Amino acid sequence: MLLTFAVRALSAIINLLLAVVVSHALGAEGKGVQGLLLATITLILIISNIISGATLVYLAPRYQLSPLFILATVWSLFVSVLSYFIIVFLNLVPSDLIFHIAAISFIASLFSFTSSVFLGKEKIQLVNLLSFLQVSLILFIVFVAFNLFQFYSVYSYIIALYVSWGLTFLIGIYFLYPWFEKIEIKSFFDPLREMFKIGITNQLAHIFQLLSFRIAFYFIEKYHGMSDLGVYSNTVSVVESIWMISASISIVLYSRISNSTNRSESAELTARFARSGFLLSACAALVIIVLPPSFYIRLFGKEFYEISSIMPYIAPGVAFFTYALIVGHYFSGTGRYFVNAIASACGFVISLLFAIILIPQMGIAGAAMAATISYTITSLVVIIWFLRENNKGITELIPWAGDLLDLTNQLKTEIIKKNEKVI
């Protein structure tokens, strides 16, 4: 658990370094293209993961691997090809990027397949290794392309995506090979039904959540151009790093709740973790808000001076969304994914509505405001559901200083348990 969090933290740092390298090499416009490219690939990938993603964590130990791989591959290919034509029809991205987006999305979904199967077979260390290798390869290839070959183009990033996801997929297949069996036609039917049944339920919340997070990218590019999108993309990269706090807390919380049969105890633990998580996130948001323009200019380049003026609009919403992330794991841990799906759907509708209203006139400041409103609505839906279900008052989620000590003790307990298992 702690190793998984360490890998996530290092990956987040690498992604931030990647944003710095791309921003300095390509400027705000190039960073905008890279941000739009990645956002679109991520949207396609989350649809592919209805079958190729977390569903396989449950199915891999229960069904033969060969039909799972074929079904996931066919589905991912279908989604990527369909996405190509949808993007062309909607004119969402520059035309020269569309083929690469579809192709990279397909390769990324195959990598997602291997990672999910390894999780299902409890090969956690291998998942961590491949995930870390994937993001590290992107940074390495981009850095070499810019500094050694002087290839200052978004295609350096595209090449890095092809190589990183392609290579890690091949490594994953190499380790999976011993589990592949002879294929029988009848072995397809049961897993196919289970894949869609479980996958749609699991992914629905993620689909709406990601749409609410990234829909503004397309409005910014349409009304204000790639340079403004580049500035907003880096703003999002910095401010969403706050969620590493809630991610670490959620790992502990999800594990505890998934293995507990006492709903009242789980609710009390969730409330304590949510309070301390929000307190830590609020402090981090305050630090990000008060950083001067000179900090972001040194970090990303002179074209990104606006980031400091956008932070006060989006950072509070990101901090408040900590409640949705932590309390949402309470519902996931008790098997009720539909609550998170409903909350995320509400957030998406609000995000789309305010993006249409605010972005054309206010630009990236309007996008930041729309994001904060969306994060707030999503969090409120989850909070109200949680409080009503457990007959708690709003004061149960208002933080106080003692919550930090409580969280520290909980994390110490997890570390001790981990060490005891190792010994």
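Setting aside neighbours within four places in sequence, Ser48 touches Trp75, Ser76, Val79 and Ser109, where contact means heavy atoms within 4.5 Å. This is a predicted model, so to speak of local features takes pLDDT of at least 70, side-chain atom pairs count only at pLDDT 80 or more, and totals for chains, interfaces and linings use all residues. Residues are numbered from 1 along each chain as its sequence is written, and side-chain values use heavy atoms, with hydrogens and water left out.

Ser48 sits in helix α1 (residues 2-52); helices here are DSSP runs of H or I with at least four residues, strands are E runs of at least two, and both are numbered from the N terminus. Ser48 counts as buried because its relative accessibility is 0%, the cut-off being under 20% with a 1.4 Å probe and protein chains only. Ala72 is 24 residues from Ser48 in sequence, and their C-alpha atoms are 8.1 Å apart.

Now for a helix pair. The axes of α10 and α13 come within 9 Å and cross at roughly 160°, as lines fitted to C-alpha atoms over the stretch in contact, with angles from 0 to 180 degrees between N-to-C directions. That makes α10 roughly antiparallel to α13, a label for angles over 145 degrees.

| Helix | Residues | Among its contact residues |
|---|---|---|
| α10 | 263-290 | Arg263, Phe273, Phe278 |
| α13 | 322-333 | Tyr323, Ile326, Tyr330 |

Zooming out, the protein chain has 16 helices and zero strands. Buried residues make up 52% of its 423 residues.

How values were computed: Parallel < 35°, antiparallel > 145°, perpendicular 65-115°, else oblique. Buried < 20%, exposed > 50% of the residue type's maximum accessible area, 1.4 Å probe, protein only.
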